[in-house]
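Trainee: I would like a close look at one part of this protein, the strands and how they pair. Please place that part among the helices as well.

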Amino acid sequence: MAPIHILGNLAFILVACSFMVKDILWLRMLSISASTCSIIYNYNVAGLPLWVPISWNVFFISLNLYHIFKIIYGNRVIYLNDKEKELYRILFSSLNLIEFSKMIKMGEWKQSNPGEILIKEKQIMTDLYLIYNGKVEILVADKKVNELKDGQFIGEMSFLSNEVASATVKTMYPTEYLKWNQAKLKELMSRNPSIIYSLQAAMGSQLTQALNSKNNS
């Protein structure tokens, strides 16, 4: 196969790769690489340059460069406090800072004393919780079945399945947590797919740990 045809195929391979990445910055960088390969291919493949696809690819590169600049510049001007920086580093580093900032601002920081009930078994769930500091116990039919601590979600099963709470959640120590309204968070996720992937990854890791713990007990 001639080198120019290899370059043409590479353009389509890069486009396919861009559909598989979750990070929007990498997606745009792959798109620029694909458009660059396509421009070189369409300039050399025929006797005369194919100006229509070349022009469109120049436009696509310009558009992606604009959005990359917005992402990088936006990341520089976003301020996070120490708690938000810690959550970003531990759980949400796959997001760019703009997306993370949107999600954090939608949440509400709360504090509970020991013995407070955050969720009652079989109640209709309207919120999703993330423990920042503290510990809670999980009760099913008044029997303790698990404990959750820093960096773990509460109500993630109901958030994913839209079902009622499967257990009661009670604080064991003074507990600080972040609370999101489920409907508003899902609306934000529909506009920012990267948040979906990041939350699913964090929740999936927690569910896997819970299953392993249950199987080993």
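Mentor: Start with one pair of residues. K135 stands opposite K149 in β5. This is a predicted model, so read every position as part of a prediction. β4 and β5 form a hairpin with 2 residues between the strands. In that hairpin A141 takes a positive phi near 55°.

Now widen the view to the sheet around the hairpin. It is an open sheet of 4 strands in the order β2-β7-β4-β5, and its pairing is antiparallel. β2 (117–119) and β5 stand at the edges. Each has a single partner strand, so one side of each is left without a neighbour in the sheet. From one strand to the next the twist averages 30°.

Go across from β4 to its other partner, β7. Strand β7 covers residues 168–171. 4 bridges join β4 to β7, and the two run antiparallel. V136 stands opposite T171 in β7. L139 has T168 of β7 as its bridge partner.

4 strands form an open sheet in the order β1-β8-β3-β6, and the pairing is antiparallel. The edges are held by β1 (108–112) and β6 (153–154). Each of them has a single partner strand, so one side of each is left without a neighbour in the sheet. In the order of this sheet, β8 and β3 are listed side by side. Strand β3 spans residues 127–133 and strand β8 spans residues 175–181. They run antiparallel and share 6 bridges.

α4 lies across β1, β3 and β8. It runs at about 105° to β3.

From α4, step to the next helix. Two packed helices are described by the angle between their axes and the distance between the axes. Helix α4 (residues 82–90) packs with helix α5 (residues 97–106) at an angle of about 120°, with the axes 11 Å apart. That angle makes α4 oblique to α5. The crossing of α4 past α5 is right-handed. On the α4 side, E84, L87 and Y88 make the contact. On the α5 side, the residues are L97, F100 and I104. By class, this contact has 5 nonpolar, no polar and 1 charged residues.

α5 also packs with helix α7 (residues 182–191). Their angle is about 165° and their axes are 10 Å apart. α5 and α7 are therefore roughly antiparallel to each other. α5 passes α7 in a right-handed crossing. K102, M103 and M106 in α5 meet K184, L185 and L188 in α7. The residues of this contact divide into 4 nonpolar, no polar and 2 charged.

One more helix pair deserves a look. Helix α1 (residues 3–18) packs with helix α2 (residues 24–44) at an angle of about 160°, with their axes 8 Å apart. That makes α1 roughly antiparallel to α2. α1 passes α2 in a left-handed crossing. Among the contact residues of α1 are I4, L7, L10 and L14. Those of α2 include L27, L30, C37 and Y41. By class, the contact of α1 with α2 has 13 nonpolar, 7 polar and no charged residues.

Last, step back to the whole chain. The protein has 8 helices and 8 strands. Its radius of gyration is 23 Å, well over the 17 Å that the globule rule gives for 217 residues, so the protein is more spread out than a compact globule. Along the principal axes, the C-alpha atoms fill a box of roughly 80 × 40 × 25 Å.

Conventions
Residues are numbered from 1 along each chain as its sequence is written. This is a predicted model: local features need pLDDT of at least 70, side-chain atom pairs count only at pLDDT 80 or more; totals for chains, interfaces and linings use all residues. Side-chain values use heavy atoms; hydrogens and water are left out. Axes are lines fitted to C-alpha atoms, for helices over the stretch in contact, and angles run from 0 to 180 degrees between N-to-C directions. Angles under 35 degrees count as roughly parallel, over 145 as roughly antiparallel, 65 to 115 as roughly perpendicular and the rest as oblique. A crossing is left-handed if the near helix is turned anticlockwise from the far one by less than a right angle, and right-handed if clockwise. Contact means heavy atoms within 4.5 Å. Ala, Val, Leu, Ile, Met, Phe, Trp, Tyr, Cys and Pro count as nonpolar, Asp, Glu, Lys and Arg as charged, and the others, Gly among them, as polar. Two strands pair if DSSP finds at least two bridges between them. The radius of gyration is taken over C-alpha atoms; the globule rule is 2.2 Å times the number of residues to the power 0.38.
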